[in-house]
Amino acid sequence: MDTWKVGDVELRSRLILGSGKFRDFGVMREAMQAAGAEVVTVAIRRVEARMPGHVGLLEALEGVRLLPNTAGARTAEEALRIARLGRALTGERWVKLEVIPDPTYLLPDPVETLKAAEALLAEGFLVLPYIGPDLVLARRLAQLGTATVMPLAALIGSGWGVKTRALLELFARERASLPPVVVDAGLGLPSHAAEVLELGLDAVLVNTAIAEAKDPVAMAEAFRLGVEAGRRAYLAGPMRPREGASPSSPTEGVPLGGPGR
Amino acid sequence: MVWLNGEAKPLEGKTLREVLEELDVDLSRVAVLLNEEAYPGRELPHHVLKEGDVVEVVTLMQGG
């Protein structure tokens, strides 16, 4: 069976689902099932007085592994705090590390991410860091021992597709020296997910493209199929593009009714 | 003053548990950061709040 690993955990699904922006927990749960997701991200936020907290959320997410994120952190220090709270809430040592100081483009801070990863690993976390498509940073994180690297395809929530393709191709080329590569952020269509998997990268993380679809459950299934198609295409060994046309039918013996060619 | 979820409040002398009871939240659904240490809501340390303590009370939310 074709599987991949995060830490010691073997996963069949190469589609990690973000739980944000769904209009209700019922739709989220159905989308999660349609996506075949085994891992789903969650956020950590302050409670309001007399608010019940995540009533229904944990129930809706039953059966999948929770991946608490550090969304909202602008520095390594803030990310550590949020990660510790996520572990206290879920009992889960997995953390999607995101350190984003820039509210306009929501680009991750490479320096703070590296600092936070080092500290979190020392505290026993399994770290899945969200990064720019920077192979040098990915290697530094790999040396520290992060469980994955998660380079972006485009800006968070943009749906632009694989805008960083040329740089992600380097991740694919150097895949053997990296932990699993999960492309996170910016995917808008199942064909974008297929494109990532066709490159030989390990998985994708999708949220907005599914949650904001008119029919999130159908879109979740479409992404599952896109991921599967891309992965199978990679394993099948795609043809090499050539310079020009190459006929698919024999050029000899064409029955033209006149003198032979 | 004690910092509770980003707001300065006169909570010195109260215990952490008393503050959570006043917030009226389900302890099984929250985690608490006391200064830099995080605790599950059901495993709160006995702690009498003092000037300058920083307390964050959080829960899980949907997020990507």
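Q: What is the strand order of the open sheet of 3 strands in chain A?
A: First, the general idea: strands of a sheet pair through backbone hydrogen bonds, either parallel or antiparallel. Keep in mind that this is a predicted model. Here, the open sheet of chain A has the order β6-β7-β8, and its pairing is parallel.

Q: Which strands stand at the edges?
A: They are β6 (94-97) and β8 (150-151) of chain A. Each has a single partner strand, so one side of each is left without a neighbour in the sheet.

Q: How many bridges join β6(A) to β7 of chain A?
A: There are 4 bridges, and the two strands run parallel. Strand β7 covers residues 126-131 of chain A. For one pair to look at, find A:Leu97, which stands opposite A:Pro129 in β7(A).

Q: Now chain B. Which strand pairs with β3(B), and in which sense?
A: The partner is β5(B), in the antiparallel sense, over 4 bridges. Look for B:Leu34, which faces B:Val55 of β5(B) across the pairing as its opposite residue.

Q: In which sense do β1 of chain B and β5(B) pair?
A: Parallel, over 2 bridges. Strand β1 of chain B spans residues 2-4. Within that chain, B:Trp3 has B:Val54 in β5(B) as its bridge partner.

Q: Which strand of chain A pairs with β5(B)?
A: Strand β4 of chain A, residues 39-46, does. The sense is antiparallel, with 5 bridges. Two places show the pairing. A:Val42 has B:Gln62 as its bridge partner, and A:Arg45 stands opposite B:Thr59.

Q: How many residues does each chain bring to the contact?
A: Chain B gives 24 residues and chain A gives 36 residues. In chain B, the residues that lose the most area to chain A are B:Arg29, B:Leu60 and B:Gln62. Together they make up 31% of what that side buries. The area buried between the two chains is about 2,600 Å². Carbon and sulfur atoms give 59% of that area.

Q: What about charges: how many salt bridges lie between chain B and chain A?
A: The general idea comes first: side chains of opposite charge can pair when their charged atoms come close. Between chain B and chain A the count is 4 salt bridges. One joins A:Arg84 and B:Glu36, with their closest N and O atoms 3.5 Å apart.

Q: Which elements give two or more residues to the side of chain B that touches chain A?
A: They are α1 (16-23), β3 (31-34), β4 (37-40) and β5 (54-62) of chain B. The largest share, 7 residues, comes from β5(B). By class, this side has 13 nonpolar, 6 polar and 5 charged residues.

Q: How many salt bridges does the structure hold over all chains?
A: The total is 23. Among them is the pair A:Arg65 and A:Glu92, whose closest N and O atoms are 3.3 Å apart. A:Arg65 lies in strand β5 (residues 65-68) of chain A, and A:Glu92 is in the loop between α3 (76-90) and β6 of chain A, so the pair ties together parts that are 27 residues apart in sequence.

Q: What scores does the predictor give the complex?
A: The ipTM is 0.91 and the pTM is 0.91. Chain B averages a pLDDT of 91, and 100% of its residues score at least 70.

Definitions and conventions
Residues numbered from 1 in each chain as written. Chains lettered and ligands numbered in written order. Predicted model: local features only at pLDDT ≥ 70, side-chain atom pairs only at ≥ 80, totals over all residues. Heavy atoms only, no water. Contact = heavy atoms within 4.5 Å. Buried area = accessible area lost by both parts, 1.4 Å probe. Salt bridge = Lys/Arg side-chain N within 4 Å of Asp/Glu carboxyl O. Nonpolar A, V, L, I, M, F, W, Y, C, P; charged D, E, K, R; others polar. Pairing = 2+ DSSP bridges. pLDDT = per-residue confidence, 0-100.
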